[in-house]
Amino acid sequence: LERTAALLKCPPRELAARVAKLLEEQRELERSVKDLKTKLGAQGLAGQAAAAETIGGVAVRIAEAEAEDPAVLRELADRALDQLREGVVVMGSRGADRCHLVVRVSAALSSRVKASDVVKAAAAVVGGSGGGKAEMAQAGGKDSARLPDALARAREFLTGALSTG
């Protein structure tokens, strides 16, 4: 206890309070880092030529984002869907050994195409699996090098699903 108190530069009786304060500071820093990553990812997407395309009369945005954290990727997909107002968003990101996919479908379109079906088709390409609901689904995969192929597979799936509906 004395060594720990010395490391934290406080008397041993104040150790619990000092550790609680450090933990809260760490949580706040993690929130700040997540917010910054989300903002950077959103700026990167805004700068890409990944504007919405139209498939079967539906606005669709398919893009790869710089976001290793799945939570950040979900936030970026939510923002992209907000920009479209109505449509489908497919986002992918990759790290060194894994990749992530998120699919968002606006409520009005969820009867025509389900996010879970799109993400399952794309995840199979990267050796992964996933699931979710009609409006939001996510997946992870092991073969991050094939993420562009997975995004292309999502586009093919959407072309088939939205052309017939």
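Author: Let's come in from the outside: R85 is exposed, with a relative accessible area of 74%. In what follows, exposed means over 50% relative accessible area, buried means under 20%, and partly exposed is anything in between, using a 1.4 Å probe and protein chains only. Before going on, note that this is a predicted model, where local features need pLDDT of at least 70, side-chain atom pairs count only at pLDDT 80 or more, and totals for chains, interfaces and linings use all residues. Residues are numbered from 1 along each chain as its sequence is written, and side-chain values use heavy atoms, with hydrogens and water left out.

Back to R85, which sits in the loop between helix 3 (70-84) and strand 3. Helices (H or I, at least four residues) and strands (E, at least two) are DSSP runs here, numbered from the N terminus. R85 also has a positive phi of about 70 degrees, although it is not a glycine.

What does R85 have to do with your stretch? It is one of the residues that S106 touches: leaving aside neighbours within four places in sequence, S106 is in contact with L81, R85, E86 and G87. Contact means heavy atoms within 4.5 Å. S106 lies in the loop between strand 4 (99-105) and helix 4 (115-125). Whereas R85 is exposed, S106 counts as buried because its relative accessibility is 7%.

Now step back into strand 4 itself. This strand is mostly covered, with 7 of its 7 residues buried. C99, L101, V103 and V105 point one way, while H100, V102 and R104 point the other way, and all are buried.

Strand 3 and strand 4 run antiparallel and are joined by 7 bridges; two strands count as paired if DSSP finds at least two bridges between them. The two form a hairpin with 4 residues between them, and V88 has V105 as its bridge partner in strand 4. Strand 4 also runs antiparallel to strand 6, with 6 bridges joining them, and here V103 stands opposite A137. Strand 6 (residues 136-141) in turn pairs with strand 5 (residues 129-132) in the antiparallel sense over 4 bridges. A hairpin of 3 residues joins strand 5 to strand 6, and G130 finds its bridge partner in A139 of strand 6.

So much for the backbone; what about the greasy bits? In soluble globular proteins, nonpolar side chains tend to be buried together. A nonpolar core, as used here, is a set of buried Ala, Val, Leu, Ile, Met, Phe, Trp, Tyr and Cys residues joined through side-chain atoms within 4.5 Å. The largest one has 28 residues, and those with the most contacts inside it are V60, V88, V90, L101, V103, V113 and L158. The elements giving two or more residues to this core are strand 2 (58-64), strand 3 (88-94), strand 4, helix 4, strand 6 and helix 5 (147-164). Helix 5 supplies the largest share, 7 residues. Apart from this core lies another, of 11 residues, among them A65, A80, L81 and V89.

Not counting residues up to four places away in sequence, V113 touches V88, V105, V118, A134, F157, L158, A161 and L162.

S110 is also in the loop between strand 4 and helix 4. With a relative accessible area of 13%, S110 is buried. Its contacts, again leaving aside neighbours within four places, are V105, A134 and E135. The side chain of S110 reaches the backbone oxygen of A107 at 2.9 Å. That is a polar contact: a pair of N or O atoms within 3.5 Å where, within protein, one must be able to donate a hydrogen and the other to accept it, and residues adjacent in sequence count only if both atoms are side-chain atoms.

The buried ones are A115, S116, V118, V119, A121, A122, A123 and V125. After helix 4 comes G127, whose phi is positive, near 70 degrees.
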